[in-house]
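Thanks for making time this morning. I would like to take you through one model, chain by chain, with the cut-offs stated as we go.

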Amino acid sequence: MQLKVLVFGPIATAAGGRTLQVVVAAPRELDAAEVMRLIAEAYPSLRPMLASSRLAINSKYALASDTVAPSDELALIGMVSGG
Amino acid sequence: MTVTICDGPVVPRAAGAVEGAGAVICFEGIVRPMENGKTIEALVYETYDPMAQNMLGQLAREAMETFALLAVHVAHSRGRVPAGACSCRIEVASRHRQEGIAAITEFIDAMKRDVPIWKQPVFSGASEESPR
């Protein structure tokens, strides 16, 4: 199973693209905390930015225990700077 | 209540009368022409839609309820906004000034903490910096 995670702003710049690809070796039920761990494993260069980042599932900030479905839209939201 | 994300600078809005209001308070965020001694030509805003729009709406509804506001109007830019132009406007109407001022302060703090919007400066005579 492969998850796509949208990224923006400084994280997109650091990642060199607008989407992260996370491979899940054995398809299973994932929660948001595990997706964050998989991102850290797949993209070590992003680790310094992950501490201040949150995962959004279908355009809402997720709790660590929120379940991720294969059809969900995932986005990694780093530090924001509106205004 | 209105919430808008528009391409380019936020255009002026004609303030209308709000029945029962004793205060109408408007905050406008303007792109500064200088930052750390460097001349800024523009800021380029990126938004994650529709989450940004939804969260601005949620913050506006919470402000209406928490501060018993009579009206809230929010507008934010996406894309390029030149120095000196408005990139964000928050206008509230309240019965008294204190709750209107408090509402605007709380709204801006929450927006800068939670709403998925990023800006990237374009400096004069220099390449664009990373979004921040």
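What percentage of the 132 residues in chain B is buried? The share of buried residues in chain B is 46%, where buried means under 20% relative accessible area, exposed means over 50% and partly exposed lies in between, with a 1.4 Å probe and protein chains only.

Before going on, please keep in mind that this is a predicted model, in which local features need pLDDT of at least 70 and side-chain atom pairs count only at pLDDT 80 or more, while totals for chains, interfaces and linings use all residues. Residues are numbered from 1 along each chain as its sequence is written, chains are lettered from A and ligands numbered from 1 in the order in which they are written, and side-chain values use heavy atoms, with hydrogens and water left out.

Let me stay with chain B. Read from the N terminus, its elements follow the order β-β-β-β-α-β-β-α-β, that is, two helices and seven strands, with helices (H or I, at least four residues) and strands (E, at least two) taken as DSSP runs numbered from the N terminus. The radius of gyration of chain B is 16 Å, which agrees with the value near 14 Å that a compact globule of 132 residues would have; the radius is taken over C-alpha atoms, and the globule rule is 2.2 Å times the number of residues to the power 0.38. Along the principal axes, the C-alpha atoms of chain B fill a box of roughly 50 × 25 × 25 Å. Of the contacts in chain B with a separation of 6 or more, 77% are between residues 24 or more positions apart, a contact being heavy atoms within 4.5 Å.

Now to chain A, which has three helices and seven strands, running β-α-β-β-α-α-β-β-β-β from the N terminus. Its radius of gyration is 12 Å, close to the 12 Å that the globule rule gives for 83 residues, so chain A is as compact as a globular protein of that length. The C-alpha trace of chain A spans about 40 × 25 × 20 Å along its principal axes, and buried residues make up 46% of its 83 residues. For contacts in chain A between residues at least 6 apart in sequence, 46% join residues at least 24 apart.

Finally, the surfaces: chain A has an accessible surface of about 4200 Å², with 55% belonging to carbon and sulfur atoms, whereas chain B exposes about 6600 Å², with 52% supplied by those elements. These areas come from the Shrake-Rupley method with a 1.4 Å probe, and for residues only the protein chains shown count as cover.
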